[in-house]
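My entries follow in the order I checked things.

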Amino acid sequence: MSPTRVTAEHNPLRDPRDKRLPQIAGPCALVLFGVTGDLSRKKVMPAIYDLANRGLLPPGFSLVGFARRDWADQDFGQIVHDAVKEHARTPFRESTWQQLAEGFRFVPGTFDDDEAFDLLAATVEELHRDRGTGGNVAFYLSIPPGFFGTVCQQLERCGLAHAGDGEWRRVVIEKPFGHDLESAQELNAIVEGVFPEESVFRIDHYLGKETVQNLLALRFANEMFEPIWNANHIDHVQITMAEDIGVAGRASYYDGIGAARDVIQNHLLQLLALTAMEEPISFTAEQLRAEKEKVLASVALCEDLDATTARGQYAAGWQGSEKVTGFLEEDGMKPGSTTETYAAVKVHVDTRRWAGVPFYLRTGKRLGKRVSEIAVVFKRAPHLPFTESQTEELGQNAIVIRVQPDEGVTLRFGSKVPGGRMEVRDVTMDFAYGSAFTEKSPEAYERLILDVLLGAPSMFPRTREVELSWQILDPVERHWAQKGAPEPYTSGSWGPASADEMMARDGREWRMP
């Protein structure tokens with residue numbers, strides 16, 4: 001058995017407050033189902049290499065691939081190598097690669113193949129014996145949700161789902177967590193029928209982004225923000241996730257799911273919860289989740305869903321200098337599909353802090369640019385001792401948390417224009433991660449995979465959060481199902497006219513990032 005080095009995490013002499021030593025995963029292995037998919041190739045495998053390159057994985061860490069392929073271990077290693085060379089964030093180092101590659105194993109088989117899972121169990125035991133993984137295993141299900149039940153039951157049948165004394169077993173599942181409340185409850189029952197709740201890690205990659213986590217620091221570590229973070233001062237909140245790409249290559253997956261299920265139910269409602277939550281007692285998983293669940297339980301839709309929601313479907317147009325096809329002309333798309341590629345919804349958070357403050361959530365594909373942000377827009381000053389001409393270029397103050405791609409925070413406020421007369425216009429003050437810190441932010445999947453291996457579930461939604469999110473979205477989906485085709489919008493624009501009309505009814509307009 002390979003010796004296990006004493007890591008920062010497990011060193012009994014280490015003071016947990018000592019920031020000089022990072023947390024390093026203890027002895028463990030990760031079994032990856034769905035190794036041939038885009039997610040594994042573009043995100044998971046590169047993130048594992050980047051963690052190893054940063055010294056955050058133990059020397060005996062092992063990666064086991066499982067797929068319906070006639071591969072040997074070295075074939076799987078080549079797949080990982082190609083993915084790392086193309087998509088890794090950190091430089092390629094031969095020494096890191098060689099140490100990591102020693103732990104690669106591959107098990108061929110299908111999800112209903114008992115012999116394949118028996119071989120998987122033997123492989124996990126071999127890694128425990130020969131590489132010192134400690135019997136600790138995370139199972140990463142990068143597969144369609146329809147197979148979760150079969151895989152979980154196979155893991156239980158062959159004994160892999162149950163940890164021995166001093167060992168752990170964890171399962172990682174990717175969204176979508178169902179397609180409505182009923183299916184989410186069925187899915188949760190299947191997974192939690194095999195793994196206990198504390199061993200289930202539902203990955204929402206948005207929650208691993210540095211800027212999202214910085215939202216907690218921005219709110220609760222700074223006295224200048226928290227006193228005004230309420231309905232007394234805030235006019236409304238806009239949460240946006242815009243993409244400039246279409247569904248190219250994902251038509252069969254995306255059709256029937258749509259923008260609201262794909263993004264609003266998970267990403268945007270999670271961002272809303274972090275924006276609106278009360279201060280937790282601590283940043284433990286239990287306390288953070290409890291506060292987010294309180295927010296989601298208090299989210300209310302407006303009565304008139306026609307006036308307070310919008311949905312659209314991109315048509316042909318120009319994305320920059322490139323002419324692009326419409327959604328219905330994408331390869332593999334069903335003719336006449338009524339799946340939306342743009343969704344917007346207005347909600348309220350019925351708590352004392354947010355009484356009367358609307359939250360506007362929007363997401364779409366083939367929009368003007370790729371951007372994700374949370375914009376907290378403040379009320380106008382109650383009395384302005386300026387003439388109308390002096391403030392005609394002055395908007396509302398705002399704090400904008402830029403989630404991607406230019407991670408940071410922008411403050412917008414009014415300032416006098418230099419010159420002999422009083423003229424006030426908007427200016428911005430920017431904080432950017434890229435220029436403020438010497439260390440480059442890790443990718444979301446690096447942080448989240450490391451948290452899985454460390455057993456740190458703070459940024460993973462649990463069952464109650466998922467089900468509350470579906471309770472919010474289900475009435476909207478049922479309403480839209482009765483409305484026929486979505487409204488078309490031109491590729492490269494900022495969505496359908498109905499979304500602008502929704503804001504105009506409230507005397508507001510969408511931010512142009």
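How many of the five residues of strand β3 (residues 104–108) are buried? I looked this up in what is a predicted model. I count four of the five as buried, so I note β3 as mostly covered, with buried meaning under 20% relative accessible area.

Next I looked up the sheet. I find an open sheet of six strands, paired in parallel, in the order β3-β2-β1-β4-β5-β6. I note β3 and β6 (200–203) at the edges; each has a single partner strand, so one side of each is left without a neighbour in the sheet.

Then I went through the pairing at the β3 end. I see β3 joined to strand β2 (residues 62–67) by five bridges, and the two run parallel. I find L63 opposite F104 of β3. I also find five bridges between β2 and strand β1 (residues 29–33), again in the parallel sense. For L32, I record G65 in β2 as the bridge partner.

Last, I checked the helices on the sheet. I see helix α2 (residues 73–87) packed on the sheet, where α2 touches β2 and β3. I note about 115° between the direction of α2 and that of β3. I see helix α5 (residues 148–157) packed on the sheet as well, touching β1, β4 (137–141) and β5 (169–174). For the directions of α5 and β4 I note an angle of about 160°.

Technical notes
Residues are numbered from 1 along each chain as its sequence is written. This is a predicted model: local features need pLDDT of at least 70, side-chain atom pairs count only at pLDDT 80 or more; totals for chains, interfaces and linings use all residues. Side-chain values use heavy atoms; hydrogens and water are left out. Buried means under 20% relative accessible area, exposed over 50%, partly exposed in between (1.4 Å probe, protein chains only). Two strands pair if DSSP finds at least two bridges between them. Contact means heavy atoms within 4.5 Å. Axes are lines fitted to C-alpha atoms, for helices over the stretch in contact, and angles run from 0 to 180 degrees between N-to-C directions.
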